[in-house]
Amino acid sequence: MAAFARRKAERLARPDPSRKRALDARAAELARLLNGRETFCTASSCDGRVLVLDTDGAGVQKKNCRWLLVTHGTCVKDDVMTALEKATGDVVFKFEPFVFHVLCRELQDAQLLHSVAVDSGFRNSGITVGRGGKITMAVRSTHCLEVPLSHKGRLMVSEEYIDFLVHIANQKMEENIRRIERFHKGLELALEAAIPADTLAPKGPEKSHSVYVHRRKRRSTREQADPSRELEPQDDPESSLDLFAEP
């Protein structure tokens, strides 16, 4: 526990390495919520964004491209067309959804976040355990978009098609924001309902069921808040019981 607290203090003291040098607004709210708990430390994140990138033709890589346009909200066709006027290479239009990485002190802490993330629509979320036992929970989804627009500075699609792409990207962004809001609300409920780790995890083989206790308690809180709410398949507390169960 002391080692995790030390690593957390060191990480949070570092300057933000991103281009923006600050967290995006929605990620910042989640970071304040989680970093206020001893068991979590937030790492890299992005609210989700629409990008227009000018690449050298070798693929979309940060070191090989210019950012002609970036927005963490919805965009308009005119902004994309203006950005394209500055293009000299192969331009790509992209939508990237929300991503949020959290270091967790114990596996059961990561399991709690994972359950909330999946329930909120971030079905591609996952937990990794690295060397030295570092546990990282990644909140992510798959509703991305990546479309080439020009080649060697020459526009290869119609303005009407660009308008269509912008519409699709904006729909994805709106859904992305709804998922973040669900995740935030679900996380507040789960953290409030969660039993402290030292009382939650019994000794012996029953330890693997800690995530089930978290999920049941969070579910009860939701049902009390809205008794008429119909349970969806992803809300079933049995659905991920065996995710990390021991044989």
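## The strand pair β2 and β4

Strands β2 and β4 run antiparallel and are joined by 7 bridges; helices (H or I, at least four residues) and strands (E, at least two) are DSSP runs, numbered from the N terminus. Within this pairing, leucine 51 has lysine 94 in β4 as its bridge partner. Two strands count as paired if DSSP finds at least two bridges between them.

The structure is a predicted model, in which local features need pLDDT of at least 70 and side-chain atom pairs count only at pLDDT 80 or more, while totals for chains, interfaces and linings use all residues. Residues are numbered from 1 along each chain as its sequence is written, and side-chain values use heavy atoms, with hydrogens and water left out.

## The sheet as a whole

The pair belongs to an open sheet of 4 strands in the order β3-β2-β4-β8, with antiparallel pairing. Its edge strands are β3 (65-71) and β8 (145-148), each of which pairs on one side only. On average, neighbouring strands of this sheet are turned by 20 degrees against each other, direction ignored. Axes are lines fitted to C-alpha atoms, for helices over the stretch in contact, and angles run from 0 to 180 degrees between N-to-C directions.

Helix α3 (residues 77-84) lies across β2, β3 and β4 (90-96) and runs at about 165 degrees to β3. Helix α5 (residues 159-193) also packs on the sheet, touching β2, β3, β4 and β8, and its direction makes about 25 degrees with that of β4. Contact means heavy atoms within 4.5 Å.

## Burial of β4

In β4, 7 of its 7 residues are buried, a term that means under 20% relative accessible area, with exposed over 50% and partly exposed in between (1.4 Å probe, protein chains only). In a regular strand the side chains alternate between the two faces of the sheet. Both faces of β4 are covered: Asp90, Val92, Lys94 and Glu96 are buried on one side, and Val91, Phe93 and Phe95 on the other.

## Arginine 105

Arginine 105 is found in the loop between β5 (99-104) and α4 (107-119). This arginine 105 is buried, with a relative accessible area of 17%. Leaving aside residues up to four places away in sequence, arginine 105 touches Met1, Phe4, Glu38, Thr39 and Ile135.
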